[in-house]
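Student: Could you give me a close look at a single part of this structure and show me how that part sits in the whole? I would like the cut-offs spelled out as you go.

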Amino acid sequence: MNFFEVYARYEVEPVYGKGAYVFDKNGTPYLDFYGGHAVISIGHGHPHYIQRIQDQLHQLPFYSNAVPNRLQDELAEKLGSVSGLESYQLFLCNSGAEANENALKLASFQTGKKKVIAFEKAFHGRTSAAVNVTDNAKIQAPINQTFEVEFHAWGALDALEVSLSKGDVCAVIIEGIQGIGGVHIPVPDFLRKLAALCKQYEVLLILDEIQSGYGRSGHFFAFQQTEIQPDLVTVAKGMGNGFPIGGVLVHSDIQPVPSMLGSTFGGSHLACSAGLAVLEVIKEENLLHNAQVQGAKLVDALQQLEGVKEVRAMGLMIGLEMAYNTANLRKHLLYEQQVFTGSASCPNTLRLLPPLTITDEETNLFIEKIKLAIPKLEVV
Ligand SMILES: Cc1ncc(COP(=O)(O)O)c(C=O)c1O
């Protein structure tokens with residue numbers, strides 16, 4: 001059997017990871033400023049993470065959600081205390097798309113309505129409802145287009161209010177920081193007004209923090225640059241540092257109804273151990289602060305580079321927009337300088353999503369490497 005190949009892949013195969021580096025089979029180190037697509041929050045091979053998962057693997061990796069699982073309660077409690085959202089409730093699933101799928105379902109259950117408002121360039125995942133609120137018709141199959149979605153311009157509220165006032169909308173979904181769209185950060189006033197409009201028209205506000213959450217922005221959640229309290233917050237990626245886990249944080253105003261949501265694997269013992277280890281390391285190593293400090297250093301240095309049009313950043317979620325298509329820059333960084341970086345849907349933007357554990361040394365090394373890469377671009 002062949003693999004059903006749907007991915008455009010690079011020619012480097014990492015076989016081992018440690019801290020901010022991955023290594024190929026020859027032992028060549030690659031500086032990981034992509035983080036396996038914003039997944040590696042606490043660094044590769046963190047000893048506490050390995051130990052906790054290993055202990056749980058020996059004890060009980062999985063049992064069904066038909067029995068109590070104290071690790072789920074521990075995870076909910078720790079997530080509440082580390083994020084500051086103590087009063088929320090936690091539903092656990094296995095991926096980002098699944099988290100958004102469940103959040104959209106909850107909003108529809110809660111309001112009895114089914115129209116959704118999303119934003120231009122949004123990416124919310126590839127399952128049926130999640131892909132329908134993703135602004136990319138190419139990845140939507142006809143079967144996904146089962147409810148009405150309106151895409152509004154980022155930051156524009158007048159047209160959005162007209163839509164909300166019609167009374168048929170169940171949810172507005174927005175990324176804490178638009179990731180794949182090219183690192184677009186909502187200004188606080190936009191978020192505040194959006195939250196107020198949702199409240200006024202009794203529409204649920206879903207904050208997709210799948211990429212921007214878990215400390216990446218220097219806040220635990222990017223929306224915490226304001227004091228808003230979304231109805232639903234979705235998480236995945238950095239939550240498990242590579243172990244598949246996702247979740248929906250549900251406001252205390254929303255009551256659970258037995259069987260309304262469910263998952264065979266969601267919240268397994270092993271997944272909860274991974275999730276707990278990540279939160280413990282984030283707290284113990286003060287990684288939100290590190291994301292702010294290293295993010296600020298990177299932004300300062302990146303702004304000096306030749307050919308830079310704009311640097312959009314919050315913490316360690318950084319969009320570097322150049323005056324040209326960055327495909328060659330990414331290739332050069334990877335193959336000549338041994339640095340992984342991420343792309344964005346706008347070809348001129350490079351996305352930097354390193355582990356939140358990066359040190360001064362790794363930040364400086366990245367800057368050195370990109371300075372070496374830029375002048376050589378024409379010969380790639
Ligand atoms: C903002 C956002 N939402 C949802 C998803 C989907 O997550 P997953 O690939 O785990 O389904 C992604 C993935 O890149 C994302 O960036």
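Tutor: Happy to. The radius of gyration here is taken over C-alpha atoms, and the globule rule is 2.2 Å times the number of residues to the power 0.38. For 380 residues a compact globule would come out near 21 Å, and the protein agrees because its own value is 21 Å. Do keep in mind that this is a predicted model, where local features need pLDDT of at least 70 and side-chain atom pairs count only at pLDDT 80 or more, while totals for chains, interfaces and linings use all residues. Residues are numbered from 1 along each chain as its sequence is written.

The C-alpha trace spans about 60 × 55 × 45 Å along its principal axes. There are eleven helices and 14 strands, taken as DSSP runs (H or I over at least four residues for helices, E over at least two for strands) and numbered from the N terminus. Buried residues make up 48% of the 380; buried means 20 or more other C-beta atoms within 10 Å of a residue's own, exposed means 12 or fewer, and partly exposed lies in between, with C-beta atoms placed from the backbone.

The domain assignment, which is automatic or from a database, gives domain 1 (16-45 + 287-379) and domain 2 (47-284). Their C-alpha centres are 26 Å apart. At the boundary, 26 residues of domain 1 are in contact with 28 residues of domain 2, a contact being two C-beta atoms, placed from the backbone, within 7 Å. On the domain 1 side, the elements giving two or more residues are α1 (35-38), α9 (287-303), β11 (308-314), β12 (317-322) and β14 (349-352). The largest share, five residues, comes from α9, so let us zoom in there.

Helix α9 has 17 residues and reaches 24 Å from first to last C-alpha, close to the 24 Å expected at 1.5 Å a residue; that expectation is 1.5 Å times one less than the number of residues. Its buried residues are Leu287, Leu288, Asn290, Ala291, Gln294, Gly295, Leu298 and Leu302. They sit on the same side of α9, because they cover an arc of only 145 degrees around the axis, judged from the directions from the helix axis to the C-beta atoms. On the other side of α9, Asp300 and Gln303 are exposed. What do the buried residues of α9 pack against? Their partners are α8 (269-284), β11, β12, β14 and α11 (360-373).

His289 also belongs to α9, but counts as partly exposed because 13 C-beta neighbours lie inside 10 Å. From His289 to Leu356 is 67 residues in sequence and 9.2 Å in space, C-alpha to C-alpha.

In helix α10 (residues 327-335), Leu329, Arg330, His332 and Leu333 are buried. These buried residues fall within an arc of 165 degrees, so they line one face of α10. Their cover includes β12, β13 (339-340), β14 and α11. Back in α1 you will find Ala38, which has a positive phi of about 65 degrees although it is not a glycine. Ala38 is buried, since 26 other C-beta atoms lie within 10 Å.
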